[in-house]
Amino acid sequence: MVASPWFLARCKEQTFYCSSNELGNMLVKLSACYTKARSLMGKTEEAKEVVEGGRQNFQRTTTKYWVRQEDIMRVKTLIAKHLPVNIFTSKSARFRSEQTDSAYISSCYYDNPETMELYEGRLRKTQGAIALRFREYAGGKEIFVERKTHIESWVTGASSIKERFDLDPSDVFDFVRGAYKTEDFVKRLREKKKSEDAIKDAVKLFDEAQEVILHRNLVPTMTTAYFRTAFQIPGNANVRISIDSNLQMIKENLRLYNDGKWRKDELQISEEDVHDFPYAVLEVKLQTHEGVKPPDWVTNLIESSLVREAHKFSKFIHGCAMLIPDRVPNWPVWIREFTEGEDPTLSTSFGSTGATRDSYGMLIEMNDLSGNQEEPHLYPFEKPKTSALQKIQNFFDMDKRFPRQKEAKMNRVKLEPKTYFANERTFLKW
């Protein structure tokens, strides 16, 4: 096909190429075809039908990777050959009856903006460090209050724990203020006909989460929003893969107002409050049993040039470091790639990191190995000092105050000469 070079280049420039409802519907149908093919080939364990919205909980080890925007659909189709996609029903008016591959998820993280203690605990991976967030799924009728607790596997032999309970959206603001009491929560659970054991566990988490918010003065700090595509064989926890695309970090108000809002609404979000993450985040979750090796296709995928390992990457940590850098005492090492003072020695190629791991499991540069090794995955943030003269010069520097729009970059594409010859012959014939 002589038009393939420029045709593919044009496709990559289109919005539908990366992720959309159209390609999401096609991916669901492709996944169903692969599932049927596995059934005909006699792979019964891998051919179980996907139950819409089904979720299972298993203990796994998780590794994260970055995927370029132009490679998202390619990675999805490679995974769909081996794992069925979790099906979601589109809530848009245009695709209301269609099934799609992804669902919109937003999570609002709470922290103390004066101390950033939850941020610091998650960054340093200290034993018992927690993250507290309020998660909402598109089309959902409840808000999930989630607490993630970091537990070192070498201490207890267990993995990190995620616990959650759900609240009605109208009760979240009263919950974070302490006005929504335990008896109100118990009444709601009994109306939903929950068992006594379930009520006991939920109330315990409810009291602990509310106590942390009130005593540590936690307020909305950072919100993450993205579209998640999940791949898993129902009932089989060996491999579960998710891809988070169109990832955005949103700066919150860093305080609670008496307006009934427990986070910003869409009208309160300005352009300066949003950081668009340039990659999709791929999470590979495997069983933690010793001696169990991942399938060959998983190994081939994570060792390919389509993905780049981002060990211990956190959306919450990244958003805080990018949007409120003056409040965080330390940065994660990967943040250097997203700041203006990027270190040119840091490898940014996919398929190889050009770095090694420290005892914390974070990525550190090869050039930093000879330096201080106390906490090599962190480095302190120093806010640059500006003199009075420099401030005056910056004020009268119109190029800085009103930056010009960057010129669009032209992508050179190699075209086959036959393409022009064929067009010329067609023109002469007509």
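**View 1. Lys193 lies in the loop that links α7 and α8.** Helices (H or I, at least four residues) and strands (E, at least two) are DSSP runs, numbered from the N terminus. The model shown here is predicted, so local features need pLDDT of at least 70 and side-chain atom pairs count only at pLDDT 80 or more, while totals for chains, interfaces and linings use all residues. Residues are numbered from 1 along each chain as its sequence is written, and side-chain values use heavy atoms, leaving out hydrogens and water. Most residues other than glycine have a negative phi. Lys193, although not a glycine, has a positive phi of about 60°. Lys193 counts as exposed because its relative accessibility is 77%; the classes are buried under 20% relative accessible area, exposed over 50% and partly exposed in between (1.4 Å probe, protein chains only).

**View 2. Here helix α7 (residues 182–191) meets α8, their axes coming within 10 Å and crossing at roughly 150°.** That angle makes α7 roughly antiparallel to α8, a label for angles over 145 degrees, where under 35 is roughly parallel, 65 to 115 roughly perpendicular and the rest oblique. Axes are lines fitted to C-alpha atoms, for helices over the stretch in contact, and angles run from 0 to 180 degrees between N-to-C directions. On the α7 side, look for Thr182, Phe185, Val186, Leu189 and Arg190; their partners in α8 are Glu196, Ile199, Ala202, Val203, Phe206 and Asp207. Contact means heavy atoms within 4.5 Å. By type, the residues of this contact between α7 and α8 divide into 7 nonpolar, 1 polar and 3 charged; Ala, Val, Leu, Ile, Met, Phe, Trp, Tyr, Cys and Pro count as nonpolar, Asp, Glu, Lys and Arg as charged, and the others, Gly among them, as polar.

**View 3. Ile213 sits in helix α8 (residues 196–215).** With a relative accessible area of 3%, Ile213 is buried. Leaving aside neighbours within four places in sequence, Ile213 touches Leu132, Phe134, Phe175, Val176 and Leu218. Arg177 is 36 residues from Ile213 in sequence, and the two are 8.3 Å apart in space, C-alpha to C-alpha.

**View 4. Asn246 is part of strand β9 (residues 239–251).** Its phi is positive, near 50°, in a residue other than glycine. Asn246 counts as partly exposed, at 41% relative accessibility.
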